[in-house]
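Trainee: I have a protein to read today. Can we go through it by question and answer?

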Amino acid sequence: MTAPPGPARKLLTDAQEAEVRAARGAASETRRASVPALEEILYEPIPVLDHGFLRVIDYMGDDAAITQAARVSYGRGTKQVHEDRGLVRYLMRHRHTTPFEMCEIKYHVKLPIFVARQWIRHRTANVNEYSARYSILDREFYVPAPEHLAAQSASNRQGRGEVLEGEEAAEALALLRGDAERAYDSYERMLNRDESGEVLDADRQGLARELARMNLPVNFYTQWYWKTDLHNLLRFLSLRADPHAQHEIRAYADAMLDTVKRWVPLAYEAFADYAMGSVSLSSQGLDVVRRMLDGEEVTQETSGLSPREWRELMDSLRPGG
């Protein structure tokens, strides 16, 4: 999930660090629900990948907000559920999603552009992204750690296969770094500005920022504020924290899971059990399981499932599947 142990790296700009100190130093009384475990990490950056981070900026609601909304919605019928944990698990188990929408959270995320382009496909959040039309991007780009530098999978068009080693790995890393460095050098030259905004050559005017950015590759870092409700956040995490998700976006999803666990521990527990740790069966797949429990020897040919459906079902039934 996070960067490997080593020398501490600077995650925030000086201005952002000053903002964090001011925000964490200010105290205010409120009658709104607050969560001490989440307050502990509020505004603090959680390292992700080599230069990225994730931090919680604001939130609304807690586990009690979920059960409160459910009891208003369902009225007298929920009074038989005496504890919030049981009700939250019931809601999650039966996919009653509206009560989970009562909680909201806002993140500040620094991430590679190609990860952002995957992330933005989840169109259920409010997003405001750093603009390279108005500001100069930093010389920060993502390069995979050696253990994540893999070849294309032979069986999955959008997945990775064996990890590259030796000369091939060294060449790939050198190309990734070299191309990014050269692209940024050209970016600065076209702008006629360095990272701090200082003019490089007083006799040149420089290209507009909105044009100079075109040459930068998608492994450069961008930043955004991302606000969503708990239901849609859990939907995002069910897809992006899955073992089949791309490593880079999964690293951010894993960091977000930790914040959800702090924020709404009852909802997190139910989500881990009924979404992350569960398996969905088709009606045919359920019929196969029932036939097996009755002692029948079922094969792919007699199951009514396609070879791929049969393989996935058998994988899910194996210990650790």
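Trainee: What percentage of the residues count as buried?
Mentor: A residue is buried here if its relative accessible area is under 20%. The protein has 321 residues. The share that counts as buried is 37%.

Trainee: How many helices and strands are there?
Mentor: Start with the overall span. Along its principal axes, the C-alpha trace covers about 85 × 60 × 35 Å. The secondary structure of the protein comes to 13 helices and seven strands.

Trainee: What does the twist average from one strand to the next?
Mentor: Follow the sheet in its order, E1-E2-E3-E7-E4. Step from one strand to the next, and the twist averages 25 degrees.

Trainee: At about what angle to E3 does helix H9 run?
Mentor: Helix H9 covers residues 247-263. It lies across E1, E2, E3 and strand E7 (221-229). Its angle to E3 is about 155 degrees.

Trainee: Why are the buried residues of H10 on the same side of the helix?
Mentor: Helix H10 spans residues 265-276, and its buried residues are Ala267, Tyr268, Ala270 and Phe271. They sit on the same side of H10 because, around the axis, they cover an arc of only 165 degrees.

Trainee: What share of the contacts with a separation of 6 or more joins residues 24 or more positions apart?
Mentor: Contact means heavy atoms within 4.5 Å. Take the contacts in the protein with a separation of 6 or more. Residues 24 or more positions apart account for 68%.

Trainee: Which element has the highest mean pLDDT, and over which residues does pLDDT stay under 50?
Mentor: The mean pLDDT of the protein is 89, and 91% of its residues reach 70 or more. Among the elements, strand E5 (residues 150-152) has the lowest mean, 75. Where pLDDT is low, the predicted coordinates should not be read in detail. The highest mean, 98, belongs to E3, and pLDDT stays under 50 over residues 1-5.

Conventions. Residues are numbered from 1 along each chain as its sequence is written. This is a predicted model: local features need pLDDT of at least 70, side-chain atom pairs count only at pLDDT 80 or more; totals for chains, interfaces and linings use all residues. Side-chain values use heavy atoms; hydrogens and water are left out. Buried means under 20% relative accessible area, exposed over 50%, partly exposed in between (1.4 Å probe, protein chains only). Helices (H or I, at least four residues) and strands (E, at least two) are DSSP runs, numbered from the N terminus. The arc is that of the directions from the helix axis to the C-beta atoms. Two strands pair if DSSP finds at least two bridges between them. Axes are lines fitted to C-alpha atoms, for helices over the stretch in contact, and angles run from 0 to 180 degrees between N-to-C directions. pLDDT is the predictor's confidence in each residue, from 0 to 100.
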